[in-house]
Amino acid sequence: MQLSLSKYLKKTTEAAPLAVFRLFFGIMMFASIVRFWLNGWIEKLYIAPKFFFSYYGFEWVKPLGDFTYLLFILCGIAALMVAAGYKYRLAIILFFLSFTYIELMDKTTYLNHYYFISILSFLMIFLPANAYFSIDAWRNPARAFQKIPQWCIDAIKLLLGIVYFYAGLAKINSDWLFRAMPLKIWLPSKYDLPLLGDLMQQEWVHYAFSWSGMLYDLFIPFLLLWKRTRFVAFLMVIVFHLLTRVLFPIGMFPFIMIVSALIFFSPQVHHKILNFVSKWFSISKQRFDNLKIYQFSGIKKKVSIGVLSVFFIIQLLFPWRYLLYPGELFWTEEGFRFSWRVMLMEKAGYAQFKVVNAETGNRFYVDNSDFLTPFQEKQMSFQPDFILQYARFLADHFEKDGPENIEVYVDSYVALNGRKSTPYIDPEVNLLNFADSFKHKTFILPFEDEIKGL
Amino acid sequence: MIKISKFLLIATLLFAVACSTEDGGDNGGDSNGGDNFDRGEMLANWADNIIVPSFVAFLEESQKLEDIAKAFAENPGTTELNVLKAQYKVAYQEFQTVEMFQIGKAEELNYRSFLNTYPTKTENIESKIASGSYNLELPSNFAEQGFPALDYLLYSYGSTEETLEVFNANPEYINYIIAVAERINALTTEVTASWEGDYRDTFVNNTSSSSTGSVDRFTNDYVMYFEKILRSGKIGYPAGAFTGSPSPTNVEALYAGDISKNLYLQALNSFEDFYYGVKINGGENGPSYYQYLKYMEDGTSSESITASIADQFSAIRAQSSELDSNLKSQVESDNSKMLAAFDELQKEVVLLKVDMMQALSISVDYVDSDGD
C-alpha cells in the first residue's frame, strides 16, 4: 500500500492537459468577470445595497465601495495572467484571493458554481500549471517541463468527479425522483422554447429529466474516466450542459464545465488543441517539447501533497455535515451550502419583521425594501441565517435613534417545491435572543411534510 | 483520433459562441398547441377585456372632470362646485380600477405617482397658488397634483360656500384646479392612446418566459401593487403599521373623508376581478391567474392554492365590513381594526407572492442574476 502510493506519486505524464486546462480556465474566468461587469451586476449587487449578508466568521469581508471595481479589475487581470501562464503562481494566488473575497462579500449571491471556482483556483495554486505552454516556460527554459507528475492532473479530475457525484447523490430524494420537483414547476414555464416548448408541459418529461439528471451526475465521472466511454460521455456533457443553459439562467457555468471535462482526455488530444492554438498565434510549440520532467522539490512536494490531501478529505466529508443537524435539510438549510446541492429546490418565502419596544409594547412592521434590494429580500426570506443577521441589523438600526429595549420578531412563510406555504420561523421568538453559530437553530418551525432520501 | 479532436474543438467553439449570445429566450414564438396553457390568450384577455376597457371608462370620467372644472371656472357658483365635487368622487373611484396597471406608457410616465401621491403637500400647493407659477410635469411635484390635490382644494376649506369664498379671494385657486384636472386627463389620454395603439400588441405578443416577458413583468407589478399600494398605502401607512404610531393624515381622500373606504374596496374588487379574469364589459370570464393556477394545479398533488387565495379574499372582505366608511375616523376611533385589515391583506400577500408566483415559476426578484 505504502509502496504503491509512493509509486503513484512518482508516476509522470504529459503536462499538456494541465496547460490546456489552465489556458481555458483563465479565459473563461476573464470572460465571466467581464460579463458580470457588463451586466451591471457589480453596481447592482455590491455597490447599491445598503446592507450585506456576511458568512459566519467572515463579517469583516465587505464590499469596498467604488474600489470594488478595482477588485474586479484585479481579478480579471489575474485570470488573464493565469491563462497566459505569466507569473503563474502569483497570478493564481491573486485570482483565488480576489475571487473568494468577492464571493464572501455578500452571501445573497451564493452559487455552488462560484464556490467551485474558488476551491478549484485554490487547488491550482499547488499545481505546476505553468510548466508547459506558458509565458513563464517560454521566458525561462530552465523552468519549462513537458512532463509533470500524474497526480497533478488527477487532482482536477477528482475535484470534478466529486462535484458531479455529490450533485447526483443529492438528487436521490423523494421530491426529485417521485414528485419530479422542482422540475415540474420550472419546465412548464419554458413554454416559449422552440421545438421543446410543448414537450416541457408533459409530466413524463419532468420525470425523465429528473431521473436522467440524477443518473448523469452520478455516472458521468466514471464514464469520463473510462477510455471506451469517454467520447460518448463527453457528448453527454455537452448535451446536458447545453440543455441546462437553454432551460435555466445559469450564465457561464455550463461552458466552464464542458471545457473542464476536456481534462479527462488523453494528452494527444491536448497536444492537438495546443497545436491548433500555436498555429493560430504562430507560437513555436516545439520550444516546450523538451521531454523534461517537472520535479517538486522535497519540501514543496510534502506541503503540496499534504495540503491537497487535507483539502480533499474536507471536500469528501463537508457535504455530509447536514447529518449532524436535526430536521429536514431543505427546510432548515443547515449544512446546505458548499455541498453541490444544485437546482434541487424551488423555495420562496415572505418575512414580515415586527419591531417591538419591550417597555411600552409599542410595535411596528418593517418595510424590507427600506433596507434590502429585492434580490436580498428574496434570499433572506427563506434562509434562517439571513433572517437572524437581518434581525440583528434591524435592532441596531432602530436602537440608534430610538428606544434601547427592542425586540425583533418575524412572521414568515415558506413554500418548498410546490407545497403550500407554511409558517417558517417561530413568530413568538425574539430573534435577538439568538446569536448566529453553527449550532442548530431552534427557532425554525418543523417541516410539516417529509422528504425521504439522502 | 485526429477527427475526433477536431470535432471536439469545433463543438467547444460552437458552444462558446452560443454562450456569447447571452440571455437567450427573449422573443420566443408563441406555442399554443396541445394542452399548453396559452399565455398569449391570457395576455390578450387582460389587454382587450380588462385593461383597455378600464382605461376607456376612466378616460371618460377624467374628461368629464376636466370639462366640469372648466365649466366651474366659467361660472363659479355653488351648484357648479357641487357638481365638480361629485365628479371628483366619481373619477377618483373609477381611477381605482386602473391604478394597478402601471406598465408600458403608465410606467414610463409615472402615471400612478402623478395621479395619486398622498398625503398631498398642502403648503406647496398653497405657495404655488400664491405665486401663480408652477410646472406640474416635474416629478418633484408628484405630491402637489392628482386626486389628492383636488381632494385638498375641494374639501379642506369647509362648506361649499366657505370654499367658494377662498376661491373668490384668489382666482389662481380655480386655475390650479383646472391645471390639475387637465393634467389628470392628459396623462390618462396618453396612457389610453398607447394601449389603443401599438402597445397592446407589444404587450400581448411578448409571450416570452424570460423575466422581460409580459407575464413576468406584469405579475411582478400586479403583486407589488397589492403589497405596496393597496396593503401599505391604503391601509398600512394610515394604521401606522410601519411606525407604530397611527397616522390618520395618511389616509387616501383625507379631506373628502367618507369615500376612503369605498376607494379601498373598489381597488380590492378590481384587483380580485383581474385575478379571476372578469371582463369589464361582461361575458364569461377570460383566462387570468385563476385559470393559470388551475392549469398548474392539475399537475401537482399539493393543496389547492386557488382555494386559499379565494378564502383570503373573502376574509379580507368580511373584515372590511367592520371598517368605518371614513378610514380616518376608523384610525382615530379604533385603529386595531385597521391593523386587523392590514393583517388580512398581509396573508393574501404571502399567498400571491410566495405560493402563486412559485406555482407559476415567476421570479420575484428584479435582478436577472445567475442561478445555480
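## Ground rules

Because the model is predicted, local features need pLDDT of at least 70 and side-chain atom pairs count only at pLDDT 80 or more, while totals for chains, interfaces and linings use all residues. Residues are numbered from 1 along each chain as its sequence is written, chains are lettered from A and ligands numbered from 1 in the order in which they are written, and side-chain values use heavy atoms, with hydrogens and water left out.

## Salt bridges

Side chains of opposite charge can pair when their charged atoms come close. Here a salt bridge is a side-chain nitrogen of Lys or Arg within 4 Å of a carboxyl oxygen of Asp or Glu, and the count over all chains comes to 31.

Take B:Lys70 and B:Glu66, whose closest N and O atoms are 2.7 Å apart. Both sit in helix H2 (residues 39-74) of chain B, 4 residues apart, or about one turn of the helix. (Helices are DSSP runs of H or I, at least four residues, and strands are runs of E, at least two, numbered from the N terminus.) B:Lys70 is partly exposed at 33% relative accessible area, whereas B:Glu66 is buried at 12%. The cut-offs are under 20% for buried, over 50% for exposed and in between for partly exposed, using a 1.4 Å probe and protein chains only.

B:Glu99 and B:Lys234 form a salt bridge at 2.9 Å, N to O. B:Glu99 lies in the loop between helix H3 (78-95) and helix H4 (105-109) of chain B and B:Lys234 in helix H11 (residues 214-239) of chain B, so the pair ties together parts that are 135 residues apart in sequence. Both B:Glu99 and B:Lys234 are buried.

B:Lys337 and B:Asp334 also pair up, at 3.9 Å between the closest N and O atoms. B:Lys337 is partly exposed at 28% relative accessibility, and B:Asp334 is partly exposed at 28%. Over in chain A, salt bridges with shared partners join A:Asp175, A:Arg179, A:Arg419 and A:Asp449 into one network.

## The largest cavity

What lies nearest the centre of the largest cavity? Among its 19 lining residues, A:Ser32, A:Phe36, A:Phe99, A:Tyr114 and B:Asp370 do. H2(A) gives the largest share of this lining, 5 residues.

How values were computed. On a 1 Å grid over the protein atoms alone, a cavity is a set of points where a 1.4 Å probe fits but cannot get out, and a pocket is an open set with protein on both sides within 12 Å along at least five of seven lines; lining residues have an atom within 4 Å of a point.
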